[in-house]
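Take a walk through this fold, one region at a time. Keep the 3D view open while you read.

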Amino acid sequence: MNFPERARVVIIGGGVVGASVAYHLAHQGWQDIVLLERKQLTCGTTWHAAGLIGQLRATHNMTRLARYSRELYARLEEETGVATGVKSNGSLSVALTNERLEELRRGAAMARAFDVEVKELSVAEISKKYPPLNVEDVVGGVFIPSDGQGDPANITMALAKGARLKGASIIEGVKVTAIHQANGRVTGVETDRGAIAADYVVNCAGMWAREVGLMAGVRVPLQAAEHFYIVTEAMPAMTKGLPVLRVPDECAYYKEDAGKLLLGAFEPLAKPWGVEGIPEDFCFDQLPEDFEHFEPILEMAVNRFPPLAEAGIQTFFNGPESFTPDDRYHLGEAPELKNFYVAAGFNSVGIQSAGGAGLMLAQWMQEAAPPCDLWDVDIRRNLPFQNNKTYLAARVSETLGLLYADHFPYRQYETARGIRRSPLHHHLEQLGACFGETAGWERANWFVPEDGRKADQKPQYIYSWGRQNWFDYARDEHMAIRQAAGIYDMSSFGKIRVEGADAQDYLQLICANDVDIPTGKIIYTQWLNNKGGIEADVTITRLGPESYLVVTPAATTIRDMAWLERHKPAGAALSFIDATAMEAVICVMGPKAREVLAEVTPQPLDNKDFPFGMAKEAEVGMGLARLHRVTYVGELGWEIYVSADQAAHVFETIYASGQKHGARMCGLHVMDGCRLEKGFRHFGHDITDEDHVLEAGLGFAVKVDKKAGRFGDFIGRDAVIAKKASGLEKRLLAFKLRDPEPLLFHNEPVLRDGDVVGHLTSGNYAHYFAAAMGMGYVPVREGETLDEMLASAYTIDVAGKLFAADVSSKPFYDPRSERVRG
């Protein structure tokens, strides 16, 4: 065939993911699809994958996509005639500790909410299910019957053939050398065989994806790491049909294949590979053996699987896999370049993920928007510094092992830390802060108080599924906010300045609320998509006639900047500035917040001079700041925005005053518990781009009758009007357990009158009520009223046990916001 000069889409990379994207675009009816592979299909990492096909992932949508992958692979053979080796022999995960068993039980409960069949097994049942296993120290396990395994190379070949049958071109032996672009949009690729003009380019280059991204000025943070497994000679103990076995407490997985055993590992300290570049001739290559590195895994495996001691080793394999900083793959349109899409960094779960990822990306490209909530894997979640090679090498040494580590709530990364620090970091450290990481920021999550520091208690997590070592500290911090005052650092807030003569008209297009407000006014608003889903959840402060400040969560700053840029009308007099690092934010919240601040500023703080929802510049100590009267914890309070150079002085001044009024340093874990009591939503959990703003209970912040700016009605207005006419299909409700002992985190199943109807989108402990609380969507039955909905009996499934819950559509704490406006 002639080498093409033009394509609608060029896909870079011929592994299982690239083949899946080509397959799904072709099945959507796209023509002129060209997939380019530098050497041969599967020759990078796909060919040596273990081929495990599990379904249960961390979220509902990720589980749904993994389940789709299994279903797709099962039918590919009939469609294409290529055998995929797919079999549903199930998967068995066993626990060696009670903490791990709690994790498995919570996962099993989540599986039930996600409609995945799962069975909890006793030790005797485990032994019957997997006879060769030494169960002497096993405490329990779970079995998913519909999980299984497949042949990675043949799955890829079947996807590729399915794409070809629909007209796609797949060309091997072609290296992409450059990405062409113009006016912020991709226009094609350069290769060692010539240029191809294209409307779309998809980076599916696997462990080369970072370098391909750099060609386009796009950040794709991932790094290859060595991944080890052995394959034995045929063993009588490996009978046909044994399930895939995972023993995460020993970092190991076991797979039967033609009577042989494949034993692989995700060890705690991995070995980054190719940090200085991948050899040009890499093709179906293996890496040097490192038996010493694998030996601890093998020793545990011989004890766990005694027949292994007598087995011959046919293959000792070491091959690279690509890993990302957070163990989640990258999917979607790059924020830096329009029509340049990414599907890469699959963290050793590429086979089970590729089918669903290809489907989602194809739909995303078709609609120019994510087809559902994909924030977990959205490429826009990444920060610029995370593409740093030194950072990536340090982080992936940990992330590989985290696949099988205990997934405790609040678990923090240990590597590649300390990169983004608040101007107050040293002060917080001196006051006993225990830091966690969000979007690279070191943030104080809780504090060891002075008496604890004197007793040599360390600000370090001791993880558990029960009450962790900081639980009592958090209770005291929580109650300080409710009864006196809490001081905490929110410098990590994303801060975006929107400037220009068209700022108001443009924000009227983007925001569901009305931004035609006086200078100093603060509004709470959502940015909606055309379906009425929530793309952002922000506050906006008018700083001047042509100047606004958008305040957004730390993790969504890049996403929100990309949304603003993507919708900017041609010729608009507008600029967007990420001002996050310019200002620190000190929060003073609680019934005594006014007293704390009154001592340090001449600015009147009474309701008449400083009502809720206003911002004013003021002197604080000997510095200058801007005080915003807003809250995310449901109390009287102010956020103090101060330039980074004056932040330390202003903090010292406020802290000294706080000591006179019983104020306490607070961490951000407490903020989450307080906002749940007050019914405030958390973006990414309670509200996402697939949750309609009215069903999320946020209609009060939507102004369908506001005066449109010169760029037209706000995005999503038609969807809001349509939903009002058709009625709600679900409601976001608040739940409070009646039993004070259980803990909620998120994804626990919600049962209505005994039937699973959904799951918690978020959860935490509400210390004011001495009970765990959560939020979750419940479907609305046809014709029922809200009162009828609330009259049902609700229970929450916590690790297989049901606990009765009170339910409300209003905040449990201060439902009329009297304290906030006090």
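What follows covers the cores, a helix pair, several sheets and a few single residues.

The model is a predicted one. Start with the packing. In soluble globular proteins, nonpolar side chains tend to be buried together. The largest nonpolar core here holds 50 residues, and Ile11 and Tyr73 have the most contacts inside it. At least two residues of this core come from each of β1 (6-12), α1 (16-27), β2 (33-37), α2 (60-80), α5 (152-165), β11 (194-203), β18 and α8. The largest share is that of α8, with nine residues. A second, separate core has 35 residues, among them Val10, Val176, Val201 and Trp273.

Tyr73 deserves a look of its own. Setting aside neighbours within four places in sequence, Tyr73 touches Val16, Ile53, Thr84, Val86, Ile155, Leu159, Ile351, Ala354 and Gly355.

Next comes the helix pair. How do α1 and α2 cross? Their axes come within 14 Å, at a crossing angle of roughly 75 degrees. The two helices are therefore roughly perpendicular to each other, because angles of 65 to 115 degrees count as such. On the α1 side, Val16, Tyr23, His24 and His27 make the contact. On the α2 side, the residues are Tyr68, Leu72, Tyr73, Leu76 and Glu79. By type, the contact of α1 with α2 divides into six nonpolar residues, two polar and one charged.

Asn347 sits between β18 (340-344) and α8 (350-367). Its phi is positive, about 55 degrees, although Asn347 is not a glycine. Is Asn347 buried or exposed? Its relative accessibility is 1%, so Asn347 counts as buried, because the limit for buried is under 20%.

Tyr410 also has a positive phi, near 70 degrees, and is a residue other than glycine. Tyr410 lies in the loop between α9 (389-402) and β19 (420-421). With a relative accessible area of 22%, Tyr410 is partly exposed.

Move on to an open sheet of eight strands. Their order is β5-β6-β4-β13-β14-β15-β12-β16, with mixed pairing. At the edges stand β5 (119-121) and β16 (313-323), each pairing on one side only. Neighbouring strands in this sheet are turned against each other by 20 degrees on average, direction ignored. Helix α9 lies across β12 (223-232) and β16, and runs at about 35 degrees to β12.

Look at the β5 end of this sheet. There β5 and β6 run antiparallel, joined by three bridges. Leu121 stands opposite Gly141 in β6. Phe143 also belongs to strand β6, residues 140-144. Phe143 is buried, with a relative accessible area of 7%. Beyond its neighbours within four places in sequence, Phe143 contacts Asn89, Gly90, Ser91, Leu92, Glu117, Val118, Lys119, Leu121, Lys129 and Pro243. For a distance check, take Arg57: the C-alpha atoms of Phe143 and Arg57 are separated by 15 Å, and the two residues are 86 apart along the chain.

A second open sheet has three strands, in the order β19-β21-β20, and mixed pairing. Why is one side of β19 and of β20 left without a neighbour in the sheet? Both β19 and β20 (433-438) stand at the edges with a single partner strand each, so one side of each has no neighbour there. The pairing of β19 with strand β21 (residues 441-447) is parallel, over two bridges. Arg421 has Glu442 in β21 as its bridge partner.

Finish at strand β34, residues 749-752. In a regular strand the side chains alternate between the two faces of the sheet. Here Pro749 and Leu751 point one way, Val750 and Arg752 the other, and all are buried. β34 pairs with strand β35 (residues 755-766) in the antiparallel sense, over four bridges. The hairpin of β34 and β35 has two residues between the strands, and in it Asp753 takes a positive phi near 50 degrees. β34 also runs antiparallel to strand β37 (residues 794-798), with three bridges joining them. Leu751 has a bridge partner in each of these strands: Val756 in β35 and Thr795 in β37.

How values were computed: Residues are numbered from 1 along each chain as its sequence is written. This is a predicted model: local features need pLDDT of at least 70, side-chain atom pairs count only at pLDDT 80 or more; totals for chains, interfaces and linings use all residues. Side-chain values use heavy atoms; hydrogens and water are left out. Buried means under 20% relative accessible area, exposed over 50%, partly exposed in between (1.4 Å probe, protein chains only). Contact means heavy atoms within 4.5 Å. A nonpolar core is a set of buried Ala, Val, Leu, Ile, Met, Phe, Trp, Tyr and Cys residues joined through side-chain atoms within 4.5 Å. Axes are lines fitted to C-alpha atoms, for helices over the stretch in contact, and angles run from 0 to 180 degrees between N-to-C directions. Angles under 35 degrees count as roughly parallel, over 145 as roughly antiparallel, 65 to 115 as roughly perpendicular and the rest as oblique. Ala, Val, Leu, Ile, Met, Phe, Trp, Tyr, Cys and Pro count as nonpolar, Asp, Glu, Lys and Arg as charged, and the others, Gly among them, as polar. Two strands pair if DSSP finds at least two bridges between them.
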